[in-house]
Amino acid sequence: MSTETMGEFIRDLLRRDDSLTDPNNCRNSTSKIKEEVKGKFPEAKTEVLVYPEPREGDGVHYSLRVTRGDEAVLINAVAAPGFPEYIGRVEVAPPTFTAMRVTPKVV
């Protein structure tokens with residue numbers, strides 16, 4: 001998996017299901033994208049990221065990090081304040097994403 005291959009796969013997925021980019025849908029979107037990625041790239045490590053902390057209700061944002069070898073891709077399909085839509089390499093992602101933390105599940 002290269003970052004380009006992963007990006008192409010995710011962009012195609014978003015074209016096929018544009019509900020994955022709907023506002024206030026980051027919980028559902030992140031969960032669905034994670035499952036699709038695991039189906040296509042079973043060897044990749046997927047991690048759900050959250051800001052500020054996992055909880056029900058508003059004011060929480062989820063994204064996905066996919067890692068294989070020394071390459072990592074950040075997938076943020078739903079834009080939110082401080083977290084623009086982004087699909088690309090982790091190391092060049094907007095700096096606000098560094099505030100996100102790994103969480104075992106989407107709440």
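I began with Glu-43, which at 46% relative accessibility counts as partly exposed; I use that term for values between buried, under 20% relative accessible area, and exposed, over 50%, computed with a 1.4 Å probe on protein chains only. The model is a predicted one, in which local features need pLDDT of at least 70 and side-chain atom pairs count only at pLDDT 80 or more, while totals for chains, interfaces and linings use all residues. Residues are numbered from 1 along each chain as its sequence is written, and side-chain values use heavy atoms, with hydrogens and water left out.

**Salt bridges**

I looked up the salt bridges next, taking each as a side-chain nitrogen of Lys or Arg within 4 Å of a carboxyl oxygen of Asp or Glu, and the structure holds six of them. Glu-43 pairs in this way with Arg-68, their closest N and O atoms being 3.4 Å apart. Arg-68 lies in strand β2 (residues 61-68) and Glu-43 in the loop between α2 (26-40) and β1 (45-51), so this pair ties together parts that are 25 residues apart in sequence. Helices here are DSSP runs of H or I with at least four residues, and strands are runs of E with at least two, numbered from the N terminus. Arg-68 is also partly exposed, at 35% relative accessibility.

I then turned to Asp-12, which is linked with Arg-15 and Arg-16 in a network of salt bridges. The N to O distance is 3.9 Å for Arg-15 with Asp-12 and 3.1 Å for Arg-16 with Asp-12. I noted Arg-15 as exposed at 62% and Arg-16 as exposed at 54%, whereas Asp-12 is partly exposed at 32%.

**Nonpolar cores**

For the interior I searched for nonpolar cores, meaning sets of buried Ala, Val, Leu, Ile, Met, Phe, Trp, Tyr and Cys residues joined through side-chain atoms within 4.5 Å. The largest has 22 residues, and among those touching the most other members are Met-6, Ile-10, Ile-33 and Val-66. Two or more residues of this core come from each of α1, α2, β1, β2 and β3 (71-76), and α1 gives the largest share, five residues.

Leaving out residues up to four places away in sequence, Ile-33 touches several residues, including Leu-13, Leu-20, Leu-64 and Ala-77, where contact means heavy atoms within 4.5 Å.
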